[in-house]
Amino acid sequence: MTATPGRLVATGVCKSFGTLPVLDGVDLDVSAGRTLALLGPSGCGKSTLLRVMAGFEPFDAGTVTVDGEPVTGPSPTRGMVAQAGTLFPWLTVRQNIGFGPREQGGRDVAATVADLLEATGLTDFADALPRQLSGGMRQRAAIAQVLANQPPLLLLDEPFGALDAQTRLRMHEWVRGLLAERPTTTVLVTHDVDEALLLGDQLGLLSARPSKVVTLRDVPFGAERGRHTLADPAFVSLKASVLDQVLEAS
Amino acid sequence: MTETLAGVAAPMGVVVTPATAARRGRRRPRRLLGLLVPLLVLGCWQLAWQWELRPRTILPSPHVVLSAADAFFFGRRAPGLSGVVYFKGAGWTHLATSLSRCGQAWAIAVVVGLVLGLGLGLSRWVADLLDPFTNALRAVPLFAWLPLAAVWFGVNPTSGKILIFIGALWPVVVATTDSVARVPAAQIETARMLGTPRSRLWRRVYLPSALPEIVTGLRLSLTLAWTCVIIGELGGTTDGVGAMMNAAREAGRTEQIIVGILVFAGIGYVADRVLRLLSRRFISWSAT
């Protein structure tokens, strides 16, 4: 039992699909409450790694633990949001967000939901169906749906990949604010270097398939990150060097 | 958060795009168009009667059929012997009897079909166990069951209900099995991740996710059930629309037979509309 929950440790995680090796000894250590942004060349197995951590995908070797608990299957303590969104189309936004707490027979579901509706700016759309929302709203609702269970670990698999550039930028600022209020260990898989540098406390770089973590470094920007950071010379030069590394790795 | 909905946001957050608005406007004249063919048929019928293309006992006029229908439903029922099939004033009784037979058998078929379909679609074990059996049974033509049912139960409403049940069962089973098997894996993963135990997945995800397709199966099944009702009413009973039509044939009352056909058509149409309205109400999320 650690003081602040949500420390994610992966050691030597290997996974192959048939004869195709995808993960080749991935080592990660994300301390509680921090955000790790994972970059890597296309098709390097970033999503597979995330699915392994979520417990959706069995792996061949190595261990994944959250606060020392080994990951063996999906659990409400590890929430994952994918690019396509994970809302149930037949439930309203309110019902979608309340789904997790209700499944676990939680009390004060209504209060939790109201709180998250407020945080997502979706209070006015609480009774709308997912198909009636814009892409950005849908992804905010999907993140709220997962956070309703107050998971120590949040896994984001290119959650903003399908959004237009402006919406994405707004989503970055929104997620930063959301996670500041609700400290949650987060692993963000993305191919967007801006996104990785805006949201990550740590930056992990995966090699081409079969992939492992080749670099793991801290992101030297504080809490006050936003659209203005994009023009910061330090940001620009870091972005250039990270981009070089990503392209070299592929 | 200054972002708004795509299109024009209505107060409830419903997106009203120009396309849907236009579609709504066009609906009314299109519905009137649907009356064209019935009116044409009616006109031809009237002419055929006027020119006496067939003897008038075989081809009664629309007017005669209409008065027969009026008498059937709104006439005063004369007191008489039991064991006789009444026409005058007996419409509602016949109709209620047929509806109740159909409803009972259909309801059982729906429940059994849903359970069977969920089992076949969700459990590998159940599928391996039952698939060959159900597939073979499904290939038996509905009317091939009639001789067997007649031998076991006689030609009567019980046999009829069994046939309705069999006929109505398969569309439900097939629709449920197929649609449940097609539920996206991502929805299952999401539910599992959010804390739904495996034992509750069918109720939380499989059933609601598959519901639009299941409802299509239910509609088909209801239509089939209603068309099977007459089979059990050809003997062993004096009430039911089918019994009435059979008696009308024996009595040479062609107009009464046609009334029966109109009753079947009308009820079938109304039942399907009702089911469609209900499904729009409850599975509006899948509306395209």
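The model is predicted.

**Nonpolar cores**
- The largest nonpolar core holds 102 residues.
- A:V187 is among the members that touch the most other members, along with A:M53, B:I164, B:A168 and B:A225.
- Within chain A, this core takes at least three residues from domain 1 (1–68 + 169–250) and at least three from domain 2 (78–150).
- A second core is separate and has 15 residues, including B:F87, B:A90, B:I257 and B:I258.

**Helix pair in chain B**
- Helix α10 (residues 241–250) and helix α11 (residues 254–282) of chain B have axes that come within 8 Å.
- The axes cross at roughly 160°. An angle over 145 degrees counts as roughly antiparallel, so α10(B) and α11(B) are roughly antiparallel to each other.
- Their crossing is left-handed.
- On the α10(B) side, the contact is made by B:V241, B:M244, B:M245, B:A248 and B:R249.
- On the α11(B) side, B:Q256, B:I257, B:G260, B:V263 and B:F264 make the contact.
- B:I257 of α11(B) makes this contact and also belongs to the second core.

**Interface between chains A and B**
- Chain A places 28 residues in contact with 19 residues of chain B.
- On the chain A side, β6 (78–82), α2 (93–103), α4 (135–147) and α5 (165–181) each supply at least two residues.
- α2(A) gives the most to that side, with three residues.

Technical notes. Residues are numbered from 1 along each chain as its sequence is written. Chains are lettered from A and ligands numbered from 1 in the order in which they are written. This is a predicted model: local features need pLDDT of at least 70, side-chain atom pairs count only at pLDDT 80 or more; totals for chains, interfaces and linings use all residues. A nonpolar core is a set of buried Ala, Val, Leu, Ile, Met, Phe, Trp, Tyr and Cys residues joined through C-beta atoms within 7 Å. A residue is buried if 20 or more other C-beta atoms lie within 10 Å of its own, exposed if 12 or fewer, and partly exposed in between; C-beta atoms are placed from the backbone. Domain bounds come from an automatic or database domain assignment. Axes are lines fitted to C-alpha atoms, for helices over the stretch in contact, and angles run from 0 to 180 degrees between N-to-C directions. Helices (H or I, at least four residues) and strands (E, at least two) are DSSP runs, numbered from the N terminus. Angles under 35 degrees count as roughly parallel, over 145 as roughly antiparallel, 65 to 115 as roughly perpendicular and the rest as oblique. A crossing is left-handed if the near helix is turned anticlockwise from the far one by less than a right angle, and right-handed if clockwise. Two residues are in contact if their C-beta atoms, placed from the backbone, lie within 7 Å.
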